[in-house]
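Here is a friendly walk through one protein model, in questions and answers. Have a look at it first, and then we can go through it together.

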Amino acid sequence: MKDHSVPLKLVEILSDGEFHSGEQLGELLGMSRAAINKHFQTLKGWGLDIYTVTGKGYSLPSPMKLLNEAEIIAKLKNPNLAVIPVIDSTNQYLLDRINELQSGDACIAEYQQAGRGRRGRQWFSPFGANLYMSMYWRLEQGPAAAMGLSLVIGIVMAETLQALGAEKVRVKWPNDLYLNDRKLAGILVELTGKTGDAAQIVIGAGINLAMRSAEATQINQGWINLQEADVNIDRNELAAKLINSLREALSVFEVDGLKPFIRRWAALDNFINRPVKLLIGEREVHGIARGVDDQGGLLLEQDGQIKSWIGGEISLRPN
């Protein structure tokens, strides 16, 4: 695995938002200015904006509070958490270790080099801007018992963000969070296990906190971050609250399934009673969203008839 210690040390120094001269950085890191410049190229590749001003040196656009493993773990009821600043994918990290994990084990990162979204899409993951987190859970009842799991994750994430000051966050079926009708966060559930066996599940979540601009080709729909909505949340506090709440909710889901969460979903549903369209491959199905059923299916009204829709390839959009 590539050694990222020097660029990470640079970020730590620059995280105060002040200017630091190349000479000062060279002394602190024991290397030449030319060598330091190479590491700044790495930081730019991670999506960080670096200001360079002649006579003043280098700085970040604003102070940045980095993830602090000790601070997060101190707030957790169960300390099983890995904080890995630079990672390929938090989901992949857990999938690679799936046989040695216990339910509730979690991983968070500052930057994902190969973050994943639904249907194999890339999840744009700039350094330090957002929260990238994954959690493992084992369902003894098997894969069928995981039906509706992404809805539970969405509910917990939305309620956690609301409790921290983002009152207008809502859920979008089956696995996104919305704010002001734009995408704020995504959820990716990856499941292994055959019928009759326990289901091994890795749940990934990416929440846009202070996302900087992205290429249009990198994100395929309108998005928003909390900073744009004038909501500033400490990532360490968010990570701890979210991990505690998810572990609690998944323990309930394991015993009682989706039913206890249906009312909570209804209170958060961004598209309830609104015209929507479902994208199913090349096909579009139009109707009025009427919430979800006990299996987590989307209830869609067409010509006075309500039908439940479910499936990994269905995507909901405003009409």
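Q: Where is the place of P174?
A: This is a predicted model, so what follows describes a prediction. Strand 8 covers 170-172 and strand 9 covers 176-179. The place of P174 is in the loop between strand 8 and strand 9.

Q: Is N180 buried, partly exposed or exposed?
A: N180 sits in the loop between strand 9 and strand 10 (182-192), and its phi is positive, about 50°, although it is not a glycine. Buried means under 20% relative accessible area and exposed means over 50%. At 49% relative accessibility, N180 therefore counts as partly exposed.

Q: What is the relative accessible area of N273?
A: N273 is in the loop between helix 8 (262-268) and strand 12 (275-280). It is a residue other than glycine with a positive phi, near 65°. N273 is partly exposed, and its relative accessible area is 48%.

Q: Why does S59 count as buried?
A: S59 lies in strand 2 (residues 57-59). Leaving aside residues up to four places away in sequence, it touches L14, G17, E18, F19, D49, I50 and Y51. The cut-off for buried is under 20% relative accessible area. S59 is buried because its relative accessible area is 2%.

Q: How many of the 15 residues of helix 6 are buried?
A: Helix 6 (residues 149-163) reaches 21 Å from its first C-alpha to its last, close to the 21 Å expected. Among its buried residues are L149, L151, I153, V156 and L161. Helix 6 is mostly covered, and the number of buried residues is 12.

Q: What is the radius of gyration of the protein chain?
A: The chain has 8 helices and 16 strands, and its C-alpha atoms fill a box of roughly 70 × 40 × 35 Å along the principal axes. With 319 residues, a compact globule would have a radius of gyration near 20 Å. The chain agrees with that, at 21 Å.

Technical notes: Residues numbered from 1 in each chain as written. Predicted model: local features only at pLDDT ≥ 70, side-chain atom pairs only at ≥ 80, totals over all residues. Heavy atoms only, no water. Helix = DSSP H or I, 4+ residues; strand = E, 2+ residues; numbered from the N terminus. Rg over C-alpha atoms; globule rule 2.2 N^0.38 Å. Expected span 1.5 Å × (residues − 1). Buried < 20%, exposed > 50% of the residue type's maximum accessible area, 1.4 Å probe, protein only. Contact = heavy atoms within 4.5 Å.
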